[in-house]
2 protein chains.
Amino acid sequence: MDDVAVLPSRPGHDLVMTKDAMVAGVHFLSDDPLDLVARKLLRTNLSDLAAKGAEPFGYLLMTSWPHAFGWNERERFARGLAEDGAAFDLDLLGGDTVSTPGPLTVGATLLGWSPAGGVVRRGGARPGDVLMVSGVIGDGWLGLQAAQGLLPDLEGGLARRYRLPTPRLGMRRALRDFARAAADVSDGLLADAGHLAAASGCGVRIDLERVPLSAAGSAWASAQPDKMRAMAALSAGGDDYEVVCALAPDDVDAFRAAAGVAVHAVGQFVDGAGVSIHFGDDEAPQERLGWRHGGQG
Amino acid sequence: MDDVAVLPSRPGHDLVMTKDAMVAGVHFLSDDPLDLVARKLLRTNLSDLAAKGAEPFGYLLMTSWPHAFGWNERERFARGLAEDGAAFDLDLLGGDTVSTPGPLTVGATLLGWSPAGGVVRRGGARPGDVLMVSGVIGDGWLGLQAAQGLLPDLEGGLARRYRLPTPRLGMRRALRDFARAAADVSDGLLADAGHLAAASGCGVRIDLERVPLSAAGSAWASAQPDKMRAMAALSAGGDDYEVVCALAPDDVDAFRAAAGVAVHAVGQFVDGAGVSIHFGDDEAPQERLGWRHGGQG
């Protein structure tokens with residue numbers, strides 16, 4: 001490998017880049033298996049590209065290794081990279097490996113192609129657009145608690161979903177064809193829907209009772225004393241790596257048919273600014289939500 | 001800023017990318033001023049691109065902040081980015097900011113353009129080519145010691161050179177026109193010349209007494225009991241951020257005229273493999289050098 005990566009231009013296409021880092025103890029658990037850490041690093045970045053409608057093809061890698069990590073740990077990390085590199089057809093194009101007295105820190109710059117001008121941005125939503133989300137919400141947050149042993153997870157499904165998210169790459173074409181704005185759900189549905197609204201210069205209303213849950217999420221929510229607060233917690237939790245997007249009302253059916261995964265309408269973009277949270281017919285009072293807007297990782 | 005950076009293709013050009021990370025206490029001193037840390041991050045990556053003949057235009061940034069670092073530290077870091085961003089005409093295209101229980105860790109993916117097929121690689125040297133290096137060697141290593149207070153540095157020039165290297169961007173055109181192989185001197189002249197030789201499938205002979213030193217470097221070397229060992233230490237030390245390259249003997253004069261900075265012949269590529277170190281007429285015995293091949297950062 002040379003000191004640099006060289007990428008010939010691809011006529012008619014834009015290069016799309018995203019860069020995310022993960023720190024042991026912050027973005028993954030310090031005892032998480034390192035092959036899963038490597039795969040999560042790729043997948044969280046792939047999720048970013050998927051939400052933008054881009055086709056990933058390669059990445060640059062940064063790893064910062066604590067001195068206590070030897071050959072076995074690095075080999076296991078490399079095995080995870082190889083596994084998901086093959087699964088998602090990604091080339092490792094370059095990077096840097098350093099040592100650190102601190103926790104394991106890993107980062108990747110993921111690269112993808114998009115037809116020129118076709119990247120789906122954050123800022124294209126208009127008042128009246130339908131707010132839609134893919135898959136289910138809240139399993140990332142529940143999965144973190146399961147991985148920490150704070151929640152029973154008899155079949156391991158929740159913890160696995162936290163450790164190994166599934167980027168929604170199958171939605172790329174549908175997003176490019178129909179979505180006016182899109183992002184992946186990494187900070188939490190409420191925060192990421194708010195990012196779309198803010199970038200689009202409008203507000204967004206979210207109907208908590210319409211937020212799709214998994215069987216495990218439904219069971220958890222049903223066991224909570226305050227259903228509204230439970231739904232808000234699931235919608236505020238991060239790490240879902242679903243796609244949240246804005247659709248013109250007339251495009252909803254076609255988008256649903258093309259998405260290749262279940263998508264649900266969970267609210268609407270509105271005039272004004274900010275996120276308003278509704279449960280049934282009422283606007284949820286913020287003080288009952290126990291919810292803080294997701295900030296930086 | 002969106003979740004991703006989008007870069008239209010530039011016809012007739014290749015995109016050149018390099019990614020380097022720096023950890024407090026490893027790649028810079030924990031009490032280094034943070035504006036200089038930011039500038040060093042950009043400059044070490046710019047050095048990579050310069051040695052490849054590429055024209056830098058932008059970067060993605062990763063910062064991992066310890067909790068003890070507040071607004072003032074971040075503002076100072078941002079000030080350094082802005083200063084060198086303006087000086088080198090770089091756009092900040094995206095990135096990720098996370099928090100860490102460990103030391104400050106920063107990384108950048110620098111992007112540049114090169115005429116299609118024109119990137120200067122590591123692997124093009126041939127036996128008989130002249131090994132050339134820009135500027136002076138050893139001040140990075142002496143500068144680290146000066147910054148640590150282990151060496152007198154009355155005028156601060158050495159420590160400043162360690163903290164704020166000068167990428168040799170003015171050599172880009174000369175490198176593209178004449179160099180058969182090139183790299184920047186980050187691991188040390190001996191190691192980086194060895195990288196060129198290894199990638200080119202040949203060996204390299206380095207004549208220590210021809211390695212160019214600064215006035216400070218000469219004074220330091222003269223004060224050492226073993227001149228050969230001193231020259232080897234300066235040539236093994238890293239952080240010079242000069243350019244080391246391979247030139248066909250017939251191109252040396254033209255390269256010298258076009259380089260825009262002093263360049264010196266310090267050895268020759270040869271048949272075989274590995275690095276042989278000479279001092280005067282003799283090959284230096286490895287056991288007298290106290291030199292270990294530079295490994296990962």
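G102(B) comes closest to the rotation axis among the residues of chain B, with its C-alpha at 2.1 Å. The axis in question belongs to a predicted model, in which chain B is superposed on chain A by a rotation of 180 degrees with 0.0 Å of shift along the axis, at an RMSD of 0.0 Å. That is the relation of a two-fold axis.

The interface can be taken next. Here, 53 residues of chain B are in contact with 53 residues of chain A. Of the interface residues of chain B, 100% are also interface residues in chain A, so the copies meet through the same surface. Between them, the two chains bury about 4,200 Å², and 56% of this area is on carbon and sulfur atoms. Three residues deserve a mention by name: D3(B), M17(B) and K19(B) supply 18% of the area that chain B buries against chain A, more than any other three residues.

The largest cavity contains about 60 Å³ of space. Its lining draws on both chains: L7(A), P8(A), S9(A), R10(A), L15(A) and W113(A) take part from chain A, and L7(B), P8(B), S9(B), L15(B) and W113(B) from chain B. The elements that give two or more residues to this lining are β1 (5-8) of chain A and β1 (5-8) of chain B. By class, the lining residues of the largest cavity are 8 nonpolar, 2 polar and 1 charged.

The second largest cavity has a volume of about 40 Å³. Both chains line this one too, with K19(A), D20(A), A21(A), M62(A), G107(A) and A108(A) from chain A, and K19(B), D20(B), M62(B), G107(B) and A108(B) from chain B. Two or more residues each come from β2 (13-23) and β5 (105-115) of chain A, and likewise from β2 (13-23) and β5 (105-115) of chain B. The largest share, 3 residues, is that of β2(A). The lining of the second largest cavity divides into 5 nonpolar, 2 polar and 4 charged residues.

Key. Residues numbered from 1 in each chain as written. Chains lettered and ligands numbered in written order. Predicted model: local features only at pLDDT ≥ 70, side-chain atom pairs only at ≥ 80, totals over all residues. Heavy atoms only, no water. 1 Å grid on protein atoms, 1.4 Å probe; cavity = no way out; pocket = protein on both sides within 12 Å on 5 of 7 lines; lining within 4 Å. Points joined across faces, edges and corners; volume = space filled by probe spheres on them. Helix = DSSP H or I, 4+ residues; strand = E, 2+ residues; numbered from the N terminus. Nonpolar A, V, L, I, M, F, W, Y, C, P; charged D, E, K, R; others polar. Least-squares fit on C-alpha atoms with pLDDT ≥ 70 in both. Contact = heavy atoms within 4.5 Å. Buried area = accessible area lost by both parts, 1.4 Å probe.
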